[in-house]
Amino acid sequence: MLLSLLLVLLIGAVAWAGSAAGFAPLFGVALPYLATAVFICGMIWRMVYWAKSPVPFRIPTTGGQEQSLAFIRQAKIDCPSTRAGVFARMVLEILLFRSLFRNTQADVRAHLPASNGPGTIYYSSKWLWCFALMFHYCFLLVFLRHFRFFAEPVPAWITCLETLDGIMQIGAPRFFMTGAILLVALLFLLGRRLFNQRLRCISLANDYFPLWLLIGIVGTGICLRYFDKTEIAMVKVFIMSITHFSPVSTQGIAPLFFVHVTLVCTLLLYSPFSKLTHMAGVFFSPTRNLANNSRQKRHINPWNPPKQYFTYAEYENEYRDAMAEAGLPLEKAPDKAAE
Amino acid sequence: MYNAKAVITGIIVFTVLCTAPFWVGLAGKDYKSTGIVLPKDEKKCIESVEFMRKDHMRLLNEWRDEALRGENRVYTAEDGKKWSISLQNTCLKCHSNYKEFCDKCHTANSVYPYCWTCHILPGESK
């Protein structure tokens with residue numbers, strides 16, 4: 001936990017010192033190009049790798065009754081047997097995180113009325129789902145809002161998003177809700193790992209690192225907007241020059257901006273090789289994207305070795321004489337078979 | 001590769017989305033400078049121009065609080081000069097060409113201040 005925090009701080013400090021010492025083009029130009037290339041190629045490599053892994057059999061992790069006799073009601077979305085059902089399950093999973101919605105928590109209680117003594121209870125725990133949903137959607141909105149720096153003229157839908165996001169009209173520059181919610185959700189996701197003992201036990205550096213990294217990105221972003229502002233107009237000129245492959249001078253842009261960019265590039269570089277690939281992986285989850293139709297369709301393992309059959313006719317041909325000698329019944333007597 | 005059709009479609013969509021900034025950049029206009037028109041008969045803004053570029057909205061926010069909550073309508077700049085706190089009568093006296101100054105920069109950066117639903121722009125009769 002501390003290690004990954006230190007690593008993020010170190011990356012930030014290097015970017016800060018580097019851009020303050022005049023290496024800003026390195027962090028602001030070279031790194032983003034590199035990171036974008038690595039991210040795209042890495043993700044494609046991942047997807048091809050997954051697509052090459054065979055999944056011959058259905059993996060029915062059911063969240064409900066599978067298709068059975070006509071009078072037993074099937075859970076059509078949680079245990080689909082048709083493509084439409086799978087599609088519905090995928091949509092719900094990707095847009096609403098249905099699996100997290102089913103999250104339950106186990107607890108040992110000293111007294112349960114049911115057993116009139118100590119016992120374990122399971123109850124639905126929606127916190128993870130709630131904050132994960134908040135995090136992902138705010139992240140998406142914040143991500144989309146950044147396109148005002150990449151497009152000239154700025155498309156109307158981005159302006160519309162900004163208007164909604166800043167609808168509270170607090171302060172100037174206007175306070176955007178998504179940024180704050182994003183930070184709160186991230187802190188919850190971090191706190192969950194720190195204060196839940198069971199989770200803390202199974203949390204590794206590669207769980208904490210992305211969280212700290214995202215907290216770093218969001219933190220620097222919020223700073224850049226509200227506290228230690230940099231010149232937005234100049235940043236747009238700079239970013240537009242990068243997307244036109246003719247980078248202009250980084251003169252006059254605050255080092256904090258390059259810390260922000262460097263952390264984002266770290267995220268891009270890190271994504272294809274870490275658990276953050278779940279953005280593509282969710283589409284490849286066999287437990288989500290395969291219909292549970294093993295009872296209607298035969299699924300054959302493609303790498304089974306070719307079967308060697310030995311039919312009874314062949315068997316009799318092989319051993320006819322011996323069988324006749326032993327007096328066993330035959331389908332064809334030896335004299336007939338010789339013809 | 002299994003499910004090649006779906007996977008390749010997915011990869012293409014992914015790549016196009018990820019490189020979208022470049023396509024949008026190439027398709028749209030380039031943006032080399034703000035192209036704002038500075039006031040002709042004045043030399044200096046209220047604070048240093050670097051400060052104004054970065055923080056003019058925070059200055060305005062401060063002004064608003066000062067004037068309306070602190071009942072103090074005089075702002076002392078860094079260099080000791082005194083300015084009367086007024087959005088319409090101070091800022092827009094010098095920056096009288098709102099369209100070519102404030103607006104130009106704001107539109108490019110997708111900033112649409114809501115101030116003008118109440119405050120009045122010069123040259124606009126309401």
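**Reading burial, salt bridges and helix packing**

Modeller: Let's start with one residue: Glu93(A) is buried, its relative accessible area being 12%. Buried means under 20% relative accessible area, exposed means over 50%, and partly exposed is in between (1.4 Å probe, protein chains only). This is a predicted model, in which local features need pLDDT of at least 70 and side-chain atom pairs count only at pLDDT 80 or more, while totals for chains, interfaces and linings use all residues. Residues are numbered from 1 along each chain as its sequence is written, chains are lettered from A and ligands numbered from 1 in the order in which they are written, and side-chain values use heavy atoms, leaving out hydrogens and water.

Colleague: Thanks! With which residue does Glu93(A) form a salt bridge?

Modeller: A salt bridge has a side-chain nitrogen of Lys or Arg within 4 Å of a carboxyl oxygen of Asp or Glu. Here the partner of Glu93(A) is Arg288(A), with the closest N and O atoms 3.7 Å apart. Arg288(A) sits in helix H13 (residues 286–289) of chain A and Glu93(A) in helix H3 (residues 83–96) of chain A, so the pair ties together parts that are 195 residues apart in sequence. Helices (H or I, at least four residues) and strands (E, at least two) are DSSP runs, numbered from the N terminus. Arg288(A) also counts as buried, at 11% relative accessibility.

Colleague: Now the helices. At what angle do H5 and H6 of chain A pack?

Modeller: Two packed helices are described by the angle between their axes and the distance between the axes. Axes are lines fitted to C-alpha atoms, for helices over the stretch in contact, and angles run from 0 to 180 degrees between N-to-C directions. In chain A, helix H5 (residues 127–145) and helix H6 (residues 156–165) pack at about 130°, with their axes 9 Å apart. That makes H5(A) oblique to H6(A). Angles under 35 degrees count as roughly parallel, over 145 as roughly antiparallel, 65 to 115 as roughly perpendicular, and the rest as oblique.

Colleague: Which residues meet there?

Modeller: From H5(A) come Leu141(A), Leu144(A) and Arg145(A); they meet Trp157(A), Ile158(A), Leu161(A), Glu162(A) and Asp165(A) in H6(A). By class, this contact has 5 nonpolar, no polar and 3 charged residues. Ala, Val, Leu, Ile, Met, Phe, Trp, Tyr, Cys and Pro count as nonpolar, Asp, Glu, Lys and Arg as charged, and the others, Gly among them, as polar.

Colleague: How far apart are the closest N and O atoms of Arg145(A) and Asp165(A)?

Modeller: They are 2.4 Å apart, in a salt bridge. The pair links distant parts of the chain, Arg145(A) in helix H5 and Asp165(A) in helix H6, 20 residues apart. Arg145(A) is buried at 10% relative accessible area, and Asp165(A) is buried at 6%. Helix H6 of chain A also holds Cys160(A), which counts as partly exposed at 44% relative accessibility. From C-alpha to C-alpha, Cys160(A) and Arg145(A) are 9.8 Å apart in space, and 15 residues apart in sequence.

Colleague: Is Cys201(A) buried or exposed?

Modeller: Cys201(A) counts as exposed, at 66% relative accessibility. Its place is in helix H8 (residues 197–202) of chain A. The C-alpha atoms of Cys201(A) and Arg225(A) are separated by 37 Å, with the two residues 24 apart along the chain.

Colleague: And in chain B, how far apart are the axes of H1 and H2?

Modeller: The axes of helix H1 (residues 4–18) and helix H2 (residues 20–27) of chain B are 4 Å apart, at an angle of about 55°. H1(B) and H2(B) are therefore oblique to each other. Val16(B), Leu17(B) and Cys18(B) in H1(B) meet Ala20(B), Pro21(B) and Trp23(B) in H2(B); contact means heavy atoms within 4.5 Å. By class, the H1(B) contact with H2(B) has 6 nonpolar, no polar and no charged residues.
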